[in-house]
Amino acid sequence: MTMDVVSPETRSIIDLDRALNALRQAPNLRPFSLCIVDFCAAFSAALQRDAQASLFPELKVLGFHLRRAAVTELQRHFEALDSGDCILVPRGLVFHIPPANVDTIFIYSWLLAALTGNRNVIRLSSRESPQISILLRLFAEAARDSHAEDILATTLILRYGHDRAITAAISAAADVRVVWGGDRYVNEIRSIPLAPHAREVTFPDRYSMSVIRASAYLEADARERANLASRFYNDTYWFDQAGCSSPRLLVWIGRPEECTKASQPFIAELEAQIRSREYRLPTGAYLKKLTFACNTIANGGATSWSSPANELCVLSLENLQTLKRDHPGGGLLFEYAAEDLSALVEIIERRDQTLTHFGFEPAELRDLARNLNGKGIDRIVPVGEALNFHRYWDGHDLLQEMTRRVHVRN
Amino acid sequence: MTFEDLLRAPAFSLDQATKRTTLLEELSSLNEWHRERCIPYRRILDRMWPDKAESLDPLPYLPVGIFKSQRLVSVPDEEIAVTLSSSGTTGQEVSRVYLDRTTAHRQTLALGHTMSHLLGTRRLPMVLVDTRSLMKDRSQFSARGAGVLGMMNFGREHFWTLDENMQLDIWGFRRFLARHGDSPFLMFGFTFMVWQYLYRQLQGAAVNLENGILIHSGGWKKLQEEAVDNSEFKRRLREATGLKRVYNFYGMAEQVGSVFLEGDDGYLYTSNFSEVIVRDPVTWREAAPGATGVIQVLSTLPLSYPGHSILTEDLGIVHGADDSTCGRRGTRFSVTGRVPRAELRGCSDTHAFGSHA
């Protein structure tokens with residue numbers, strides 16, 4: 001067993017049993033106790049003023065979610081869950097296994113568990129990234145600044161490779177295990193037993209798409225169009241379109257001629273965003289994408305292709321049924337035109353997570369969710385909010401996942 | 001010029017203008033040939049390359065990776081004589097190429113034609129830097145097996161230098177040299193095998209290979225880790241064994257027979273049957289001479305599968321054409337490395353448990 005303790009204090013090797021024991025002995029914090037709220041505020045401030053952090057938009061966004069106002073808002077939602085004869089209490093020890101390559105998720109995952117009073121073990125992979133280093137540095141700084149000894153005592157951040165024995169030992173001690181990652185990875189972790197009472201929340205491979213009403217786009221003025229492209233860009237390119245929530249399919253809704261008319265300027269605007277933000281795709285990623293596109297076309301899975309830049313390839317679908325959900329990332333959009341939102345209902349499956357939208361009435365979107373009736377889709381959010389973290393994720397309410405209800409009857 | 005004309009012309013004798021005109025005709029007709037016979041290829045052509053090309057640059061090409069995921073065949077299944085497979089660098093997906101007798105024959109003829117430039121027409125005694133056990137199953141060939149088998153045609157009295165554990169048969173080798181070492185003999189092996197199993201085991205063995213002609217191929221990745229490039233490779237071999245004539249060639253399983261053979265000046269040259277285009281990795285147009293880009297390989301040989309125009313994942317530079325100092329015509333180029341594998345971020349692509357993080 002080799003691992004590094006990243007927080008609290010850096011020692012090279014620890015006795016895992018002793019560390020887990022210490023975690024059990026740590027103060028038992030109530031949900032939204034003052035010290036965690038203060039710590040979040042300090043962490044947020046540190047993220048917003050740090051020069052290095054400002055280089056990474058995703059860290060800025062994280063800082064925004066940690067503000068005192070944002071946390072207090074969450075607290076209000078949490079308190080609303082208390083129904084009088086049920087008292088919400090922390091589940092205990094939450095074991096977080098974040099994905100190896102979306103750097104901010106471990107903090108989001110930790111946040112909801114820590115706010116609700118849980119103790120936390122976070123496993124970081126041995127892969128290093130500037131974002132993770134910055135987060136760890138600021139985490140320690142914020143703890144120092146806000147005198148958050150209790151937070152340090154209830155949070156153990158470990159870095160270790162794929163060591164099944166370590167994962168098994170922590171799993172045995174955990175009340176909740178949160179696993180983010182590809183399907184294969186989730187299944188691997190799942191084969192490691194948890195305590196009988198413990199539960200698991202998994203975030204496996206997902207697929208996301210976007211839907212735009214062609215007439216609404218055509219009516220939009222130049223500023224609005226540029227703004228939409230900018231938001232679509234953020235959703236798509238922040239994580240090289242490899243994030244689960246990044247759109248990979250764009251469906252235009254409207255009459256065929258409207259859809260064609262809307263698509264052209266939209267793609268041009270998106271390309272302009274790519275250029276102005278100086279997004280560059282490595283040649284290897286482009287070749288992977290080209291291979292994927294050729295393969296899709298060879299299989300009859302797309303009817304046309306255009307690639308105005310290495311960073312943006314568009315494959316048109318003749319019908320949605322031919323859509324395969326494997327994807328190379330790096331800026332490849334499947335495009336389809338349908339007369340009506342109901343076309344989506346046909347093809348949505350459980351794997352589908354986020355649907356971003358532009359140009360629809362709230363009632364239409366609610367109807368869509370009802371008509372889907374559980375087939376798939378966990379989030380229907382405006383274009384630009386695909387990557388926004390929320391307590392509701394993948395169909396779970398994370399505030400509730402991290403707490404247990406004690407039923408009290410007089 | 002027909003294939004037969006290209007065979008009749010001496011190797012490396014075609015000037016660039018003739019070559020490019022010939023290739024444009026040949027490759028355009030190959031596009032049509034494969035379009036009619038291979039449905040997946042037809043879809044790619046119709047949907048990605050609708051315009052007719054008036055020069056080599058805009059001719060359609062397939063990314064080499066597609067031979068890993070797509071079964072591309074232009075002959076009825078019963079005519080497939082050999083299926084070549086190569087693992088490439090990722091190790092997981094396998095590239096598959098389907099050869100009928102005609103294509104295999106064209107490959108053999110073209111390879112022989114190109115090699116005759118170095119070897120003349122008589123067969124020389126031959127050393128194979130590999131193991132005999134490579135030849136076990138001839139219907140399902142690895143690219144390594146196919147490469148060795150293809151080269152065996154140019155020699156006689158073959159001597160396999162390695163046993164199945166990659167140990168050098170030094171006494172067998174000495175016996176071979178005692179019989180044939182005083183006049184020219186041919187040696188062939190993959191670059192890495194030559195380095196790892198021949199050169200290393202021969203160091204200090206005092207064998208004399210000064211009459212040898214070594215032809216080798218297969219990538220520099222592992223040697224680069226030891227900072228050994230082509231000239232260092234040649235220098236060290238010469239120092240250890242007296243071997244003076246060492247020629248690398250660039251080629252791939254997806255275009256067997258269509259090899260780019262190193263000249264005495266250390267550059268690679270296109271053969272009568274092949275061409276390279278180095279493409280700018282942003283515009284994807286043909287890059288200017290001297291600029292590094294992604295190598296596209298063109299070959300007139302493949303009839304049973306649409307592999308006549310392939311965008312590789314190798315980087316290279318075209319230095320010139322018809323301007324060699326060693327008496328060859330054709331495009332003069334070098335391979336400088338591989339396009340780095342791209343690791344995109346994202347949550348759906350987490351490293352699998354048990355693999356390397």
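Predicted model: local features only at pLDDT ≥ 70, side-chain atom pairs only at ≥ 80, totals over all residues.
Local features are given only where pLDDT is at least 70, side-chain atom pairs count only at pLDDT 80 or more, and totals for chains, interfaces and linings use all residues. Residues are numbered from 1 along each chain as its sequence is written, and chains are lettered from A, with ligands numbered from 1, in the order in which they are written.

**View 1. The interface between chain A and chain B.**
In this view 43 residues of chain A are in contact with 31 residues of chain B; a contact means that the C-beta atoms of two residues, placed from the backbone, lie within 7 Å. On the side of chain A that touches chain B, helix H9 (183-190), helix H13 (283-298) and strand S10 (304-309) each supply at least two residues. Helices (H or I, at least four residues) and strands (E, at least two) are DSSP runs, numbered from the N terminus. H13(A) provides the largest share of that side, 11 residues. By class, the side of chain A that touches chain B holds 18 nonpolar, 18 polar and seven charged residues. Here Ala, Val, Leu, Ile, Met, Phe, Trp, Tyr, Cys and Pro count as nonpolar, Asp, Glu, Lys and Arg as charged, and the others, Gly among them, as polar.

**View 2. The two domains of chain A.**
Chain A is divided into domain 1 (4-205 + 394-407) and domain 2 (207-382), with bounds taken from an automatic or database domain assignment. The centres of these domains, taken over C-alpha atoms, are separated by 33 Å. Six residues from domain 1 of chain A and seven residues from domain 2 of chain A make the contact. The domain 1 side of this contact has two nonpolar, one polar and three charged residues.

**View 3. The six-stranded sheet of chain A.**
The strands of this open sheet follow the order S1-S5-S4-S3-S6-S7 (chain A), with mixed pairing; two strands pair if DSSP finds at least two bridges between them. Strand S1 (4-7) and strand S7 (199-203) of chain A are at the edges with a single partner strand each, so one side of each is left without a neighbour in the sheet. On average, direction ignored, neighbouring strands of this sheet are turned by 20° against each other. S1(A) pairs with strand S5 (residues 155-159) of chain A in the antiparallel sense over three bridges. A:Asp4 has A:Arg159 in S5(A) as its bridge partner.

**View 4. The seven-stranded sheet of chain A and helix H13(A).**
This open sheet has the order S10-S11-S12-S9-S8-S13-S14 (chain A) and mixed pairing. S10 and strand S14 (379-382) of chain A are the edge strands, each pairing on one side only. Neighbouring strands of this sheet are turned by 25° against each other on average, direction ignored. H13(A) packs on the sheet and touches S10, strand S11 (312-316) and strand S12 (332-338) of chain A; its direction makes about 10° with that of S11(A). Axes are lines fitted to C-alpha atoms, for helices over the stretch in contact, and angles run from 0 to 180 degrees between N-to-C directions. Strand S8 (residues 207-213) and strand S13 (residues 352-358) of chain A run parallel and are joined by five bridges. A:Val211 is opposite A:His357 in S13(A).

**View 5. The largest nonpolar core.**
Among the 199 residues of this core, A:Phe39, A:Phe43, A:Leu138, A:Val251 and B:Val129 touch the most other members. A nonpolar core is a set of buried Ala, Val, Leu, Ile, Met, Phe, Trp, Tyr and Cys residues joined through C-beta atoms within 7 Å; a residue is buried if 20 or more other C-beta atoms lie within 10 Å of its own. Helix H5 (residues 105-115) of chain A gives the most to this core, with 10 residues. Leaving aside neighbours within four places in sequence, A:Phe43 is in contact with A:Leu66, A:Leu138, A:Phe139 and A:Ala142.

**View 6. Strand S14(B) and its partners.**
Strand S1 (residues 62-63) of chain B runs parallel to strand S14 (residues 309-321) of chain B, joined by two bridges. Strand S13 (residues 292-299) of chain B runs antiparallel to S14(B), with six bridges. B:Leu311 in S14(B) is opposite B:Pro63 and is also opposite B:Gln296. S14(B) pairs with strand S15 (residues 331-338) of chain B in the antiparallel sense over seven bridges.

Terms used: Buried ≥ 20, exposed ≤ 12 C-beta atoms within 10 Å, placed from the backbone.
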